Amino acid sequence: FREYLKSYNEAVYKEEVLQIIEQHRDYLIDLEKNEGIKAWFIYDTGWSRLLNSNVDFYLLASLLLLFAGSFAKEYSSKSSCGDFSRLLRCSKRGRGRTFVAKMLSAVTISLILSIVFNILELAVIVNNYSIPSPHAPLLSITHFSESKSELTILQYLMLMYVLRSLASILLSLFVCGLSQITGKELNTLGFASAVTL
């Protein structure tokens with residue numbers, strides 16, 4: 001009787017896992033039958049974690065804090081002479097070159113930060129999960145069943161990281177622009193946080 005209960009408990013425990021595997025098998029069979037697409041049967045937990053990750057709030061906060069004061073410093077007055085922006089406007093090529101230099105540095109820094117944060121996320125997921133078969137079709141992952149894309153998982157991953165990097169660059173330029181318009185660091189932080197969150 002104990003052996004029977006032991007095998008019953010093992011069956012109950014494995015049933016939930018087997019149902020998930022059977023649903024994935026049925027999805028792949030339907031995909032091939034209805035769409036003519038041959039997807040791969042892969043272990044997709046790690047890929048799902050990686051490709052369906054949420055907003056990186058640490059990167060967002062880093063970009064907001066770094067660039068909120070990029071132009072606001074020029075408008076802060078610490079002496080009776082006024083703020084630095086008046087002096088900058090009067091200097092030959094000062095305002096234009098400073099603006100371009102700040103924007104280029106914002107683009108460079110945000111790109112580097114985006115790459116670093118993405119590599120850290122990838123390293124954590126690779127360390128904790130198995131991510132096999134990067135050349136499998138993207139449709140092998142059930143979550144992407146509606147995409148009808150012919151991309152592989154690796155191609156989609158690279159596209160995702162390029163788009164994330166572009167989003168980081170756009171956010172940094174947005175925050176720098178707000179800093180130029182508002183002239184105050186706290187106003188820039190508040191407005192940029194409200195818009196992005």
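This is a predicted model: local features need pLDDT of at least 70, side-chain atom pairs count only at pLDDT 80 or more; totals for chains, interfaces and linings use all residues.
Student: Is Ser 168 buried or exposed?
Tutor: The classes rest on relative accessible area (buried under 20%, exposed over 50%, partly exposed in between, with a 1.4 Å probe and protein chains only). Because its relative accessible area is 5%, Ser 168 is buried.

Student: Which helix gives the most residues to the lining of the largest pocket?
Tutor: A pocket is an open set of points on a 1 Å grid over the protein atoms alone where a 1.4 Å probe fits, with protein on both sides within 12 Å along at least five of seven lines, and its lining residues have an atom within 4 Å of a point. Here 18 residues form the lining, with Val 55, Asp 56, Leu 59, Arg 164 and Ser 168 nearest the centre. Two or more lining residues come from each of H3 (57–67), H6 (94–128) and H7 (153–182). The most, five residues, come from H7.

Student: What volume does the second largest pocket have?
Tutor: Its lining includes Val 17, His 24, Phe 41 and Thr 142, and the largest share, five residues, comes from helix H1 (residues 2–35). With volume taken as the space filled by probe spheres set on the grid points, which are joined across faces, edges and corners, this pocket has about 260 Å³.

Student: Within what arc do the buried residues of H8 fall, seen down its axis?
Tutor: The buried residues of H8 are Thr 188, Leu 189 and Ala 192, and they pack against H3 and H7. On the other side of H8, Leu 186 and Ala 194 are exposed. Using the directions from the helix axis to the C-beta atoms, the buried residues line one face of the helix, because they fall within an arc of 95 degrees.

Technical notes:
Residues are numbered from 1 along each chain as its sequence is written. Side-chain values use heavy atoms; hydrogens and water are left out. Helices (H or I, at least four residues) and strands (E, at least two) are DSSP runs, numbered from the N terminus. Contact means heavy atoms within 4.5 Å.
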